[in-house]
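User: I would like to go through this model step by step, beginning with the chain as a whole and then turning to particular places in the fold.

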Amino acid sequence: MAQSLELLLIQFLMPDNDARRQAEEQIKRLAKDPQVVPALIQHLRTAKTPNVRQLAAVLLRKKITGHWAKLSPQLKHLVKQSLIESITIEHSPPVRRASANVVSIIAKYAVPVGEWPELLPFLFQCSQSAQEDHREVALILFSSLTETIGSAFQPHFADLQALLLKCLQDETSNRVRIAALKAVGSFLEFTNDGADVVRFREFIPSILNVSRQCLASGEEDVAVIAFEIFDELIESPAPLLGDSVKSIVQFSLEVSSSQNLESNTRHQVQSDHDIYFIGFFLFWMAYVAIQIISWLAKYKSNSLKKHKLVVPILQVMCPLLAESNDADEDDDLAPDRAAAEVIDTMALSLSKHVFPPVFEFASLSSQNANPKYREASVTALGVISEGCVEWMKDKMEPILQIVLGALRDPEQMVRGAASFALGQFAEHLQPEIISHYESVLPCILNALEDTSDEVKEKSYYALAAFCENMGEEILPFLDPLMGKLLAALQNSPRNLQETCMSAIGSVAAAAEHAFIPYAERVLELLKTFMVLTNDEDLRSRARATELLGIVAMSVGRARMEPILPPYIEAAISGFGLGFSELREYTHGFFSNVAEILDDGFKQYLPHVVPLAFSSCNLDDGSAVDIDGSDDENINGFGGVSSDDEAHYEPRVRNISIRTGVLDEKAAATQALGLFALHTKNSYTPYLEESLKILVRHSGYFHEDVRLQAVISLKHILTAAHAILQSCNEGPVKARAVLDTVMNIFIKTMTEDDDKEVVAQACMSIVEIIKDYGYIAIEPYMSLLVDATLRLLREESACQQSDNDSDIDEDDTEHDEVLMDAVSDLLPAFAKSMGPHFAPIFAKLFDPLMKFTKSSCPPQDQTMVVACLAEVAQDMGAPIAGYVDRVMPLVLKELASSEATNRRNAAFCVGELCKNGGELSFKYYGDILRGLYPLFGDSEPDDAVRDNAAGAVARMIMVHPQSVPLNQVLPVFLKVLPLKEDHEESMAVYSCVSTLVLSSNPQILSLVPELVNIFARVVVSSDETCEVKAVVGRAFSHLISVYGQQIQPLLSSLSPAHANALAAFAPKS
């Protein structure tokens, strides 16, 4: 075999394709015989040309797994000895590397069973050889062996780390330093033990030195390994970086902003192809460097802050926004895209540190003569709008001045970026941005007429985002808006039609029933999109399906139900066209229809539920990039199949998921919940399978799917409760569903790493308590309290984003939505438990009060005050024990510059007085002084004034002798009737009625004011019948006291008011 195989190997390397194919077929046949192993070993040792020796090693690696167990001990020894000789004696580096790869495969089977005890000592000896080649190949083997027998190295880990560090610092060989760098990357990827990983911290300076040397010599592909190592270190929960963060950031900034890298490398290459390749690789290097900074911002944000790196990073990243690549605007590797990602990530975690330098950059760059800098100016503002919400809301005027000015810029790229920024503002800067609609909407309308289709497309996006959160403010603009949008929907290219449909959807959602006059025309136009089947048109069909559901919501059941069947039929037929985005929007359409039809949707369940099931059970479509060996791509060596393909696991470098499938899964998961919620008993056949899917999706790897699962689990619980009530074993089965759902929610609170998912779990638990009371949560109360405590202490998984440095105690940035949801749990407990909540509240009080430190933002302060107010309201008397600790905070909040804070403080002070007993009496004077400004003309917010009135009413009802009624009542009555917060109505009007019914002389001196107030209350559509009855009793008492003296007061009222009030007068 040996002689014939030699000829075949030589023939395989010939340039003649036919000859190569013939050789490949013959090699495949021979390779089935175990004797191919000694034959290949012979050629590895004796073949005259390196290419043949290398090919022999490559084929041996491919076939050794299938034959190894069949070889005799003597032959196995020969193979191992020959490979060691090849590694130590071979002069050709490619042959040595190919032999090392075979060693790695054999070691996977031989080392664990003790068949190759001399391998590791040989490698250690080799790595300390005087010969550069030996040191290099030993490091290469150490690197590859981690993937096959990594556990065998663990007893020697300390020695290995010392060896690697020494080799990284090898002053005589660049090749050894590079091999050591690669080995460090391999070992770090394999190592899981925290103590072992921490030791790599001291490697960082040497890694940086080797990387800089590689860049200087044009070996950028090696320098990339350093970034992969940094990536591993950053993602590790262990504190690996320490003070090296500063060096890593500086190196990353050098690479990402360097204008010299390409010139340092160009002189080494000759052809245009080489120059193109080098240019692309340098482009990739810059991207990887920027990504490292992005990961640091995400996982180690406190480190960036501690080492004062935020401003230096932004000073590099912001100008990179002006480095746009006109050739390919959709290139995610482009420096401007990568820089935007870094800025966005930093804004989300370090908003108060990010906003000032970015705003400064935007202000200066908006005046730059270079249009790319003007574009970067508004892009930067758009990018930070999600993270820097509170800071940007305070600067809305100057920010809008920059962006609206850019919308009129002569350069298309600047106008497009301005439209994008406005869309971002509309998404994130609510509700403040809406108050500027009079200046913003006309500018967007003008941009819809832009000569550039790109600007038009982004303007439709801005319009869609802006209108989505509008209400009746949109009505004056409705006709011109719809005129332009309908014309565009008929006459524009497909891409503009798609964004146009999004804009129409937002307008419809904002206008609600006012959209009805336009609905018929829109629905007619949508018919043409709902039958598109060409691949290039399916995105438009998806948008049309989405818009159809939104229009249906605006128009309502009565108008839509008769005309729905053909649209639903079209939506179902579109499901089979193989386009994930269309399926996603189809689920959304069905969800909207279920919401408007309610029980009328049950006829469609047999058709739509299986579609949702199929989407939920879709394969995720993971796409994995593998770091393969170069050996098999040289001279076509990859043509021969490998027996080891099922066993050999090359290193996974990158995992990406088709986001379309994720979005589809999320939409289908949402649909299942809404179908169950709105059809209840009719959903019985699908309940069990839906619950299984939602339980599975609650632990899904992507947060979007988990979020929808958590929402839908609450809906499924509601449906199950309705369905199982009529069953024989209903209570038992309903409790089993509740048990499943509650355990998932509690686990989510502590273990899920996404804040929005955790917030939703908290909100769902609050809803369960409201729906079913304390009896539903009693078995879980201990776990619930522990989970709530962990969240208040910011110790849950979703709150552990940075363990690499000392936490700044003065830093209070956290997710407002999450903490609002957590703080809502306490009032829910209190409402369900009443005074029995007191022992639990005692545990939660101090962690809650942590958010009232002076360094905390206003939204934290008011979150706590609102929580305390509701707890006081429902827990009752036990709140007295906290009055002295809470009252100073609440009095301070009465003078807050934020209306929400003043409103919550007024509500809280009233509840503390109502339930705080005698301990609150001593504060009455301070409270009245704090409330007084809220009754004056200087208070711009009606809801604040209403809550102030509610507080005074409660104080009077509890201890009127502590209130100087002669001074307070005129001020109090002046702000009545209530204007906005009618939840205060019962407290306020009960107080007034009580004073009247007791013939209190102070209130009776104000009868004209009372009659006027009562008249406006009884005609108000905002007040309940119960409130009007309270007012009616007070008015009847006035008539009984004053008789005909009331008549002139009634005559001064309008007929409607007088007649409404007269209806409460006693009948003679």
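User: What percentage of the accessible surface of the chain belongs to carbon and sulfur atoms?

Analyst: This is a predicted model, so the value is computed from predicted coordinates. The accessible surface of the chain comes to about 45600 Å². Of that surface, the part belonging to carbon and sulfur atoms is 51%.

User: How many helices and strands does the chain have?

Analyst: The chain holds 1068 residues, of which 56% count as buried. Its secondary structure comes to 55 helices and two strands.

User: At roughly what angle do the axes of helix H18 and helix H20 cross?

Analyst: Two packed helices are described by the angle and the distance between their axes. Helix H18 covers residues 310–320 and helix H20 residues 351–365, and their axes come within 10 Å. H18 passes H20 in a right-handed crossing, and the axes cross at roughly 35°.

User: How many nonpolar, polar and charged residues make the contact of H18 with H20?

Analyst: On the H18 side the contact is made by Val310, Val311, Leu314, Cys318 and Pro319, and on the H20 side by His353, Val354, Pro357, Val358 and Phe361. By class, these residues are nine nonpolar, one polar and no charged.

User: Is His587 buried or exposed?

Analyst: His587 lies in helix H33, which spans residues 580–597. Beyond its neighbours within four places in sequence, His587 is in contact with several residues, including Phe575, Leu611, Ser615 and Glu664. Because its relative accessibility is 0%, below the 20% cut-off, His587 counts as buried.

Definitions and conventions: Residues numbered from 1 in each chain as written. Predicted model: local features only at pLDDT ≥ 70, side-chain atom pairs only at ≥ 80, totals over all residues. Heavy atoms only, no water. Axes fitted to C-alpha atoms, helices over the stretch in contact; angles between N-to-C directions. Helix = DSSP H or I, 4+ residues; strand = E, 2+ residues; numbered from the N terminus. Left-handed = near helix turned anticlockwise from the far one by under 90°. Contact = heavy atoms within 4.5 Å. Nonpolar A, V, L, I, M, F, W, Y, C, P; charged D, E, K, R; others polar. Buried < 20%, exposed > 50% of the residue type's maximum accessible area, 1.4 Å probe, protein only. Areas by Shrake-Rupley, 256 points an atom, 1.4 Å probe, with all protein chains shown as cover.
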